[in-house]
Amino acid sequence: MTVLNMKEKERTELLRTLYEQARVAREEELSLLTRHMRQYLGSDEIDGSSERAGTVRNITYEVIESEISADIPLPKVEPASFSETRSENARTVERLCSRVKDRLPFERENDLDERYTYVYGGSVWYVEWDSTRSGGDGDVRVLCLSPTALVPQPGVYEIEDMEYCFLELTATRGELMRRYGITESDASRLECEYSYGGESPENDTVRVIVGFYRDERGEVGRTVFSGEVCLSDIPCYYRRRTYVCKSCGGYSPCGCQSPEPQEALMLLENVGEASVPYYAPHSFPIVIRKNTSAEPSLLGQSDCAIIRPEQQAINKIETRILKKLIRAGVTPVIPEDASVTPSGSVFGEVIRMKPGDSLDRYGKVDTTPDVSQDIEEADRLYEHARRIIGISDAHQGIEAKNESGYARALRISQAAGRLESKRRMKHQAYSRLYRLVFEHYLAFADLPRSLAYRDPYGRIHLAEFNRHDFIEGDGDELYFADDYLFTVDLNSGSEYSRELLWERNLANLESGTLGDKESPVTLLRYWQCQERAHYPYARENVEYFRSIVEGS
């Protein structure tokens with residue numbers, strides 16, 4: 001977009017216009033996403049009818065919850081071209097991304113990510129640099145957002161191909177006043193999302209639009225606005241900035257009698273006796289995780305959409321079963337000359353006959369319907385839904401007795417062919433996410449970051465991430481090298497439950513895979529494996545057998 005020569009007000013108006021157009025264009029998609037979430041939560045609506053289901057057997061929730069995985073893929077980084085320095089840098093980036101994963105609440109974000117992906121067909125990850133963290137030097141912030149918060153450029157189905165896109169976020173007025181330094185007068189003009197109606201209007205929640213765009217040079221810019229108020233307008237979003245004097249050209253403050261400071265980009269930084277261009281990423285800080293690919297679509301295929309016919313049919317059948325059972329009953333039949341009258345109570349009904357009266361004169365009419373076929377059909381539809389998604393009994397905790405953890409894992413693996421593509425799409429998203437984390441540190445982390453780590457033998461090593469270690473080139477042609485290949489470590493054990501890893505480690509010990517199981521060296525290795533799998537009190541056993549090995 002041609003925006004560099006625009007003033008802030010003009011640029012904001014252009015972005016606001018593009019946002020309104022994109023918002024209108026996604027209304028149909030947003031309606032569909034909302035319907036998916038209602039279905040997941042157990043909606044009683046029946047397609048094509050104003051009638052509501054009398055009861056809901058929520059198979060959508062049950063099937064999707066069976067897919068949820070707590071697995072958080074670990075990073076694996078390789079240099080695009082090999083050298084000893086680049087190989088060591090790749091290991092450093094792996095430790096950096098692992099540190100970020102451990103420091104941030106990735107368990108919570110992964111929990112959101114899993115459900116968003118299966119319900120909506122995808123999730124949205126957002127990465128930003130928060131300069132207020134780590135003592136003012138800054139640190140990354142990673143959030144998983146609902147796809148309903150993303151307003152994409154119409155007609156474009158890949159983030160990398162978009163000229164602009166928007167995120168709809170919420171914040172309190174007080175938070176925006178602190179973060180962007182706006183006045184109370186401007187704060188009163190923000191677009192209100194929810195008002196508390198109390199004496200502290202700064203606690204009111206407002207809608208914040210974060211817009212990203214590419215300028216005519218291909219660099220990323222960011223504009224943040226709410227209603228008619230521009231909160232932040234940063235062309236060349238990833239570039240460093242400083243202030244220079246318009247009179248003398250020196251950095252502000254300068255020695256001029258009447259300095260006129262103005263904002264300017266910092267293109268070069270000094271490293272020793274050389275200068276190198278500041279690193280600036282070239283992509284939007286957004287990653288889309290797709291469920292399974294759908295064409296053409298920004299998101300993937302929603303599981304809710306796939307099994308909606310089965311859910312709708314089951315709702316109708318269960319409603320019919322309920323109506324039949326409500327109408328059912330057992331009505332007593334008594335002679336006309338009987339002097340007793342049923343009380344009509346549901347429980348404790350008693351009919352007392354006259355002395356000498358015959359029981360043969362009394363009877364009943366049973367109107368209880370046969371619902372066995374209805375139940376059978378509902379169960380059959382449920383099995384359809386499970387097979388469509390690829391969910392087996394093992395995924396739902398239904399397993400045979402006397403079955404080992406390894407046998408259970410093998411059966412899950414054999415039954416999970418249809419889920420494999422979903423795992424691959426998750427791996428791809430995390431690979432892209434880890435690259436964004438690396439790029440933000442390469443651009444903004446001025447101070448080295450400590451990355452202490454434990455090796456496979458339990459020893460702690462000190463290491464650090466220093467972005468200057470990634471400077472390459474000769475003489476005046478220095479640059480930050482970012483050509484590293486990001487994937488995830490499929491051998492990290494993160495995709496297996498801890499109990500399964502404990503059982504495998506024990507099986508390896510007993511089978512002699514680790515060596516003579518009576519040897520202290522073998523037992524040390526075994527407990528080191530268990531420590532990495534977070535077995536309780538494994539650390540104490542590692543220290544015990546290490547002392548035996550080192551003392552022998």
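The following legends describe close-up views of a predicted model.

View 1. The closest N and O atoms of Lys422 and Glu67 are 2.7 Å apart.

**View 2. Arg141 and Glu128 form a salt bridge.** Their closest N and O atoms lie 2.6 Å apart. Arg141 is in strand E3 (residues 139–145) and Glu128 is in strand E2, so the pair ties together parts that are 13 residues apart in sequence. Arg141 counts as partly exposed at 25% relative accessibility, whereas Glu128 counts as buried at 5%.

**View 3. A network of salt bridges links Arg23, Arg26, Glu168, Glu191 and Arg207.** Within this view, Glu168 forms a salt bridge with Arg207, and the closest N and O atoms are 3.4 Å apart. This pair links distant parts of the chain, since Glu168 lies in strand E5 (residues 164–172) and Arg207 in strand E7 (residues 205–214), 39 residues apart. Glu168 is buried, with a relative accessible area of 13%, and Arg207 also counts as buried, at 16% relative accessibility. In total, the model contains 53 salt bridges.

**View 4. The second largest pocket holds about 820 Å³ of space.** Its lining comprises 24 residues, of which Trp129, Ser131, Arg222, Ile234 and Tyr237 lie nearest the centre. Strand E2 (122–130), helix H6 (173–180), strand E9 (229–234) and strand E10 (240–245) each supply at least two lining residues. The largest share, four residues, comes from E9. By class, the lining of this pocket divides into six nonpolar, four polar and 14 charged residues.

**View 5. The largest cavity contains about 40 Å³ of space.** One cavity of 30 Å³ or more is counted in the model. The largest cavity is lined by Gln39, Ser43, Glu45, Arg308, Gln311, Gln312 and Asn315. Helix H9 (residues 308–327) provides the largest share of this lining, four residues. Five of the lining residues are polar, two are charged and none is nonpolar.

**View 6. Leu265, Leu267 and Leu268 form a nonpolar patch on the surface.** Together these residues have about 270 Å² of accessible area. Leu265 lies in strand E11 (residues 261–266) and is partly exposed, with a relative accessible area of 36%.

How values were computed
Residues numbered from 1 in each chain as written. Predicted model: local features only at pLDDT ≥ 70, side-chain atom pairs only at ≥ 80, totals over all residues. Heavy atoms only, no water. Patch = residues over 30% accessible without salt bridge, like charges linked within 9 Å, V, L, I, M, F, W, Y side chains within 5 Å. Areas by Shrake-Rupley, 256 points an atom, 1.4 Å probe, with all protein chains shown as cover. Salt bridge = Lys/Arg side-chain N within 4 Å of Asp/Glu carboxyl O. Buried < 20%, exposed > 50% of the residue type's maximum accessible area, 1.4 Å probe, protein only. 1 Å grid on protein atoms, 1.4 Å probe; cavity = no way out; pocket = protein on both sides within 12 Å on 5 of 7 lines; lining within 4 Å. Points joined across faces, edges and corners; volume = space filled by probe spheres on them. Nonpolar A, V, L, I, M, F, W, Y, C, P; charged D, E, K, R; others polar.
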